[in-house]
Amino acid sequence: MSKPRSLVLPPGTRAHRIETVRGAFAVLDAAPRGDRHGTVLMLPGYTGSKEDFLALLGPLGAAGYRVVAVDGRGQNESYGPRGRAAYRRRALALDAVAQAMALRDGPVHLLGHSFGGLVARSAAVLAPGSFRSLTLLSSGPGRVARPQRLRIRALRAGNALLAKDSVWRATRWLDSRGEEPDAAADSPELAGFLRRRWMLTRISQLSGAGRLLLRDPDGAAELAALPLPVHLAYGSDEMVWPPAELAAVAAGTGAHHTVVAGAGHSPNVSHPEELAERLAAFWARVDAAPRPQEAASEVSTAS
């Protein structure tokens, strides 16, 4: 579970909802400072939310980027319907395309963290003309590594059998003895936010996203075929997808490749300044390059 270290909104950031042809979505919208260089749409990971990108908003704003971090359908403060069909990969990808259109800033840079990377990749495949570039942050080409599959199966089974609050308490207990030994040290404000986020996120979304993380087919060929620049960024201590696998995907697809030394699955939280610098440098190179003819999207985002 990715979690912010602070919930304070950086200067120039406002929380609101964007209206799209596929409904309203809660966002954190950070204005650029100084010369404006572009707009970035950020999609959060499994059990996450827009707040996971809070530490990036300040440094990216200082670099001249408007950053819009979004709660996907059924995540945290964004409404989500019930039922499996609403959380299939295509439906979520169409949401991202609609969000990009609603920002009214032309093709935007798209970034997906972890599970959000699977959605971002699908959105770029569906409507490449909507995006200036694609960044997969701590996100692989397909399903997660085996230890993570075991955790996701346990979480989905718990949600199917137990009260949601009971699953939350069990998850926090496991985190305090496993990958997140500092969980018990969370401030009351942060602990309250994490529980509130969990309770707001629909079980259908947790189930559907978990299913994709367990079964998503290898998408390396899709990445290689995309007519837009691709960036793979992750920490040297990444554990959800094997770093060697991510490095091989970057080499095989020709994607730009960033490894943040000492970072785990959430460099956006642990190493925001370094990550922001590397992201801004990639986007600057993309924006400086001649643009190919931008094909109009033929995808109906209302479907």
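Figure 1. F193 counts as buried because its relative accessibility is 6%, where buried means under 20% relative accessible area, exposed over 50% and partly exposed in between, with a 1.4 Å probe and protein chains only. Leaving out residues up to four places away in sequence, F193 touches P4, L7, S49, E51 and N76; contact means heavy atoms within 4.5 Å. Between F193 and S49 there are 144 residues of separation in sequence and 11 Å in space, C-alpha to C-alpha. Residues are numbered from 1 along each chain as its sequence is written, side-chain values use heavy atoms, with hydrogens and water left out. Because the model is predicted, local features need pLDDT of at least 70 and side-chain atom pairs count only at pLDDT 80 or more, while totals for chains, interfaces and linings use all residues.

Figure 2. Strand β3, residues 38-43, contains T39. With a relative accessible area of 5%, T39 is buried. The side chains of T39 and D105 are joined by a polar contact of 2.7 Å. A polar contact is a pair of N or O atoms within 3.5 Å; within protein, one must be able to donate a hydrogen and the other to accept it, and residues adjacent in sequence count only if both atoms are side-chain atoms. Apart from neighbours within four places in sequence, the contacts of T39 are Y65, R66, L103, D105, V108 and H109.

**Figure 3. The nonpolar cores.** A nonpolar core is a set of buried Ala, Val, Leu, Ile, Met, Phe, Trp, Tyr and Cys residues joined through side-chain atoms within 4.5 Å. The largest such core has 54 residues, of which L41, F115, F131 and L134 touch the most other members. Helix α3 supplies the largest share of this core, six residues. Beyond four places in sequence, L134 is in contact with residues including L110, A120, L223 and V230. A second, separate core has 24 residues, among them V67, A69, L137 and A263. In soluble globular proteins, nonpolar side chains tend to be buried together.

Figure 4. On a 1 Å grid over the protein atoms alone, a cavity is a set of points where a 1.4 Å probe fits but cannot get out, and lining residues have an atom within 4 Å of a point. Grid points are joined across faces, edges and corners, and a volume is the space filled by probe spheres set on the points. The model has two cavities of 30 Å³ or more.

**Figure 5. Two residues with positive phi.** Most residues other than glycine have a negative phi. T47, which is not a glycine, has a positive phi of about 65°. T47 lies in the loop between β3 and α1, and is buried with a relative accessible area of 13%. S138 likewise has a positive phi, near 50°. The loop between β6 and α4 holds S138, which is buried with a relative accessible area of 0%.

Methods
On a 1 Å grid over the protein atoms alone, a cavity is a set of points where a 1.4 Å probe fits but cannot get out, and a pocket is an open set with protein on both sides within 12 Å along at least five of seven lines; lining residues have an atom within 4 Å of a point. Helices (H or I, at least four residues) and strands (E, at least two) are DSSP runs, numbered from the N terminus.
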